[in-house]
Amino acid sequence: MKLWAALSNAIAGWMMILRGENDWRQRFSLTTPGLTTALIVFVFAAFLAVAVASMSIGMPSLGGVLTAMFVLALPVTSLVVTLLGTRLMLKSSEPVYDMLVPGIYAATAFLIIEGLLAMIGGPVVLLSWLGLAYLLFALARAASGWTIGVSAGFAVLTVVLLVAMRVALYMLSTQAGSPL
């Protein structure tokens, strides 16, 4: 039940972030155990996404599940890389957990919404990317106090990095794009 409480607190915290309320940090556990909980929720959502996507063809092998979960973890990877890169460039000293923990919950919501939109097909998936960018922009403004331009750049760069990593993996997985 602790995971359910963490998830409901994260949803309430995100509502507070989007409304511009200042007490949103109290809804997240901005500690190492809180980060671990957020990652567990993300991994569980990624595993469910793999299971749902493979319902018609059967569950893949352990290697296939791990590969799919690696690809599904790219939103978290892009969030971490962009967050650390932005902090390094700005010589910022804000706590990392203030952006990382809520950001992972946003990546979890993105994973679920993108999967649902992918079932519809076509360019409607772009809506999930725009939604993730908006959430990351709002988080950067609330958690770091960065300017509007830096916050927008952080959000856009995170989504662009996510898309670029997916395109790179796709190109490496095809015959024409593979260097091997």
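**Reading burial**

Modeller: Ile-113 is partly exposed, because its relative accessible area is 43%, between the cut-offs of 20% for buried and 50% for exposed. Bear in mind that this is a predicted model.

Colleague: Where is Ile-113 placed, and which residues form the nonpolar patch on the surface?

Modeller: Ile-113 lies in helix H5. The patch consists of Val-52, Met-55, Ile-112, Ile-113, Leu-116 and Met-119, with about 640 Å² of accessible area together. H5 gives the most to this patch, with four residues.

Colleague: What should I look for in the interior?

Modeller: In soluble globular proteins, nonpolar side chains tend to be buried together. Here the largest nonpolar core has 45 residues, and those with the most contacts inside it include Trp-14, Phe-28 and Tyr-105. Among the elements that give two or more residues to this core are H1, H2 and H7. H5 gives the most to this core, with nine residues.

Colleague: Which residues does Tyr-105 touch, leaving aside those up to four places away in sequence?

Modeller: Tyr-105 touches Ala-6, Leu-7, Ala-10, Trp-14, Phe-28, Thr-37, Ala-38 and Val-41.

Colleague: How do I read one face of a helix?

Modeller: An α-helix has 3.6 residues a turn, so residues three or four places apart point the same way. In H3, Val-65, Met-69 and Leu-72 are buried. Seen down the helix axis, the buried residues of H3 fall within an arc of 55°, so they line one face. They pack against H2, H4 and H5. Leu-66 and Phe-70, on the other side of H3, are exposed.

Key: Residues are numbered from 1 along each chain as its sequence is written. This is a predicted model: local features need pLDDT of at least 70, side-chain atom pairs count only at pLDDT 80 or more; totals for chains, interfaces and linings use all residues. Side-chain values use heavy atoms; hydrogens and water are left out. A nonpolar core is a set of buried Ala, Val, Leu, Ile, Met, Phe, Trp, Tyr and Cys residues joined through side-chain atoms within 4.5 Å. Buried means under 20% relative accessible area, exposed over 50%, partly exposed in between (1.4 Å probe, protein chains only). Contact means heavy atoms within 4.5 Å. Patches are made of residues with over 30% relative accessible area and no salt bridge: like charges are joined within 9 Å, nonpolar side chains (Val, Leu, Ile, Met, Phe, Trp, Tyr) within 5 Å. Accessible areas come from the Shrake-Rupley method with a 1.4 Å probe; for residues, only the protein chains shown count as cover. A salt bridge is a side-chain nitrogen of Lys or Arg within 4 Å of a carboxyl oxygen of Asp or Glu. The arc is that of the directions from the helix axis to the C-beta atoms.
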